[in-house]
Amino acid sequence: MNVRIYVIHYGEDDPRKNTALKMVRKGYATITKRIPRKAIVLDPYAKDYLGPWDGFFIEKFGLVVVDASWKKLTPNYFKRIPGLHRKLPYLVAGNPVNYGKPYMLSSIEAVIAALYITGFRDSVIQLKGLYKWLNTFLTLNREPLEEYSKVGSREEYIRVIESYIP
């Protein structure tokens with residue numbers, strides 16, 4: 001893969017079903033506590049959305065996913081993590097646990113969405129082979145992901161995101 005993916009792992013989910021740990025086991029990601037200062041941190045509580053313009057930072061400094069249970073996740077998980085915090089735009093889950101639920105993405109779905117939006121399609125292709133249902137995720141979100149990846153300004157991005165929110 002041409003992108004470094006970092007996982008901050010809190011150990012709150014079943015390790016056999018954990019998508020972040022599978023990325024680590026397969027050599028696509030690294031568990032770490034030390035994050036590059038300008039890495040993109042996927043943070044659902046962030047003020048700013050991840051957009052195509054963040055691809056430079058992902059390429060140069062990496063992408064960080066926080067692996068914690070949705071039931072316990074709070075803004076406190078993200079406060080001490082350095083980096084550029086970004087939230088993902090409106091997307092629906094394709095994973096078997098949260099299928100069809102907005103924003104309830106697994107770690108690997110969040111990573112794939114971030115890579116797709118920022119232009120790392122080769123990395124998306126590599127990761128989607130880890131689970132069959134990732135094809136479902138990409139199919140469910142094909143139109144928004146494509147539009148999100150092509151916007152030219154933050155203002156246009158907000159309009160596109162709002163057009164997908166029911």
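Reader: At what angle do helix α4 and α5 pack?
Author: This is a predicted model, where local features need pLDDT of at least 70, side-chain atom pairs count only at pLDDT 80 or more, and totals for chains, interfaces and linings use all residues. Residues are numbered from 1 along each chain as its sequence is written, and side-chain values use heavy atoms, without hydrogens and water. Helices are DSSP runs (H or I, at least four residues), numbered from the N terminus. Helix α4 covers residues 121-128, its axis lies 9 Å from that of α5, and the angle is about 140 degrees.

Reader: How are α4 and α5 set to each other?
Author: Axes are lines fitted to C-alpha atoms, for helices over the stretch in contact, with angles from 0 to 180 degrees between N-to-C directions. Under 35 degrees counts as roughly parallel, over 145 as roughly antiparallel, 65 to 115 as roughly perpendicular, and the rest as oblique. The angle of α4 with α5 is about 140 degrees. The two helices are therefore oblique.

Reader: Which residues of α5 touch α4?
Author: Contact means heavy atoms within 4.5 Å. α4 brings V124, L127 and K128. Their partners in α5 are L134, N135 and L138.

Reader: How many nonpolar residues does the contact of α4 with α5 have?
Author: Ala, Val, Leu, Ile, Met, Phe, Trp, Tyr, Cys and Pro count as nonpolar, Asp, Glu, Lys and Arg as charged, and the others, Gly among them, as polar. This contact has one polar and one charged residue. The nonpolar residues number four.

Reader: How do α3 and α5 lie to each other?
Author: Helix α3 spans residues 107-117, and α5 spans residues 133-140. Their axes come within 11 Å and cross at roughly 50 degrees. The pair is therefore oblique.

Reader: Which residues of α5 meet α3?
Author: From α3 come I108, E109, I112, A113 and Y116. The contact is eight nonpolar, no polar and one charged. On the α5 side stand W133, L134, F137 and L138.

Reader: How is α6 oriented to α7?
Author: Helix α6 has residues 142-150, and α7 has residues 154-164. They pack at about 170 degrees, with axes 10 Å apart. That angle makes α6, relative to α7, roughly antiparallel.
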